[in-house]
Amino acid sequence: MELGSVKHFLKGKTILVTGATVFMEKVLRVQPDVKKLHLLLRASNPCSATERMQNEIIGKDLFRVLRDELGDDFGSFISEKVIAVAGDVSLENLGIKDANLRKDMLEEIDIVLHSAASTKFDERFDVAMRTNTIGAFHVLNFAKNCTKVVILLHVSTAYVRRESEGLISKEPFQMGETLNGFSKLDIDFEKKLVEKKLHELKTQNSKEENITSEMRSFGLERAKKHGWPNTYAFTKAMAEMLVEHKKENLPVVILPPTIVTSTYKEPFPGWVEGVRENYHASLGSLRQLAIDVIPADMVVNAIIVAMVANASKCSNNIYHVGSSMRNPLKYINILDYFYKYFTKVPWMDKNGKPIKVGTFTMLDMAGFKRYIFIHYLLPLKGFKLLNTVCCQHFQKRYLDFKRKIQVAMRLVTLYRPYLFFNGVFDDRNMEKVEMAAKQGLVEMDLFYFDPKMIDWEDYFMNVHFPGIVKYLIK
C-alpha cells in the first residue's frame, strides 16, 4: 500500500457530505483548492438549507480559525466552495428536488462521505430506520450513480458489534446476520413492520407523544429480538449490511469509531458541540473496564487517510477507529480526572454557588439495584402512602419524584450493555494504513490519528473537561 499526499488527493475534488461538519472544516482549512463541497441538509428549499448552514454550522465557533485566517474573505470563500443542498437522506435521490443540481452532482462528485445519523439510543424506530438504515441505502445508490466517484466512506459505530470480551472483530456482517444467532434478520420485513405499526397507531388517532413512546418501545423490542442492545446499534448494523452487500463495484469503506470526544488539537483543542449523544454514552461508559474514546479530529483524519488508501479500489475494508487496543484508558482514571478537575474548577449552580464533587463508589448491577431500592424506591413507597393519607396533598411532588426515578432507571437499562462492556476493538487495519501513511507522502502532522500520542490525563484535564464546560454545559 503506497499513499501519496492527502492535500494533493483533495485538490480539485468535489465532495458530497452528510453530517461531519468537523470534516468539512478540516478540508476547507487544509486544502482551500478543493473544488466544491455539497453539504446535504434536511430542508424544504435551498434558502432554508443555506440559512441552516449559516446558523448551525458556519456561524459556530468551530470555524473561528478559518474565519480568522481568511478575515473579510471568509464569506466569499464559503460561498464559492460550499453548496448547501436541500434534501433528506430518507428519501430517494436524497430528496434533492432540483433536477439540474442533481444532474450536476451526479456528474461532478468524486467523493461521498455519509455520516448523518440519528444517534439516540432509544430513537423512534420509524425515525431511526428512515435515517440510519434507509438513509444509508439511499446514499449508496446515489453514489453508485455518480459517474466520477472514487470512494464512498460510510461512518458507522463500533458498537454495532456484539457485546463481548476480548478482541472485537472488524469483519463485515453477513446479510441477515444477527448477534444472538437465534433469529434471521430480514431488513425488508423490519421496514414493513415499522410501516404497519406506525399506520396502526395513526389509525387509532393516538397522540403524538403516545406514538413516540410506542415507536421507541417497538424499536427496542425489535433490536433485542435480534441481539442488539438498542435501536441505534440495530439500525446502524442493518445500514452496514446494506452498504456492504449492495455496493456492487463501488469502492466503499466502512469506518466505525468508538466514543467520539472533543477535538485533541484541531481546529483547536476541546471543540465538542454536536456530539451530545456520544457524550452521554461516554458518561455512562465510565464504568467500563477500559473505556474506548477517540477525539473527533483524529476520527476525521482517519476518515480522510482511509479515503486516500482506498480510492478506486474494490475491497472489504472496515476500519475501527478507537484507543482501547493501542492506548487503553481505564474508567477509574477518568473518575479520578473528573474529581480533580471539578474540585479545582467547580460547576456553579443556578444561584452561582459551587457544586461540591464527591468521590465515586463503584457498584456492580446488583449493588446498584440494592442502592436504588434502599435509598429511593423504599422512600418513594413511603411518600406514596403519606400522599394517600393526606388526600393527594403531595401528588405533584410525588409524581415528580417518581418520574425522576423512572428516568434514571430507564437510562441505566438503556446504557447497561455499555456500562459493563469489556471488549477491545481490533484497529489493526487502521494501524496498517497509518504505517503506510508514515512511509509515504501523507502529511502526518496535519492528518494524525495515532491514539498512542494522547496523554489521557493531560487531555481530560486541559482539553476535554474544559470543552465540555464551554460547549455542552449551558
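These are my notebook entries on a few places I looked up in this predicted model.

Ground rules. I number residues from 1 along each chain as its sequence is written, and my side-chain values use heavy atoms, with hydrogens and water left out. Because the model is predicted, local features need pLDDT of at least 70 and side-chain atom pairs count only at pLDDT 80 or more, while totals for chains, interfaces and linings use all residues.

Entry, the sheet. I looked up the strand order and found an open sheet of seven strands, β3-β2-β1-β4-β5-β7-β11, with parallel pairing. Strands here are DSSP E runs of at least two residues, and helices are H or I runs of at least four, both numbered from the N terminus. Two strands pair if DSSP finds at least two bridges between them. β3 (82-87) and β11 (317-318) stand at the edges with a single partner strand each, so one side of each has no neighbour in the sheet. I then checked β2 (residues 36-42) against β3: they pair in the parallel sense over six bridges. Val82 in β3 is the bridge partner of Leu37.

Entry, Leu152. I placed Leu152 in strand β5 (residues 151-155). Its relative accessible area is 1%, so I list Leu152 as buried (under 20%; exposed is over 50%, partly exposed in between; 1.4 Å probe, protein chains only). Not counting residues up to four places away in sequence, Leu152 touches Val112, Val139, Leu140, Ala143, Leu250, Pro251, Val252 and Val253 (contact means heavy atoms within 4.5 Å). I also took the C-alpha separation of Leu152 and Phe394, which are 242 residues apart along the chain, and got 58 Å.

Entry, Thr263. I found Thr263 in the loop between β8 (259-261) and α11 (276-284). Thr263 is buried, at 0% relative accessible area. A polar atom of the Thr263 side chain lies 2.6 Å from the backbone oxygen of Phe268, and the side chain reaches the backbone nitrogen of Trp271 at 2.9 Å. Beyond four places in sequence, the contacts of Thr263 include Pro295, Ala296, Asp297, Tyr459 and Val463.

Entry, the patch. I noted a nonpolar surface patch of about 330 Å² made by Phe373, Ile374, Leu377 and Leu378. Patch residues have over 30% relative accessible area and no salt bridge, with like charges joined within 9 Å and nonpolar side chains (Val, Leu, Ile, Met, Phe, Trp, Tyr) within 5 Å. A salt bridge is a side-chain nitrogen of Lys or Arg within 4 Å of a carboxyl oxygen of Asp or Glu. Areas are by the Shrake-Rupley method with a 1.4 Å probe; for residues, only the protein chains shown count as cover. Leu378 is in helix α14 (residues 365-389) and is partly exposed, at 40%.

Conventions. Polar contact = N/O pair within 3.5 Å; in protein donor to acceptor, adjacent residues only side chain to side chain.
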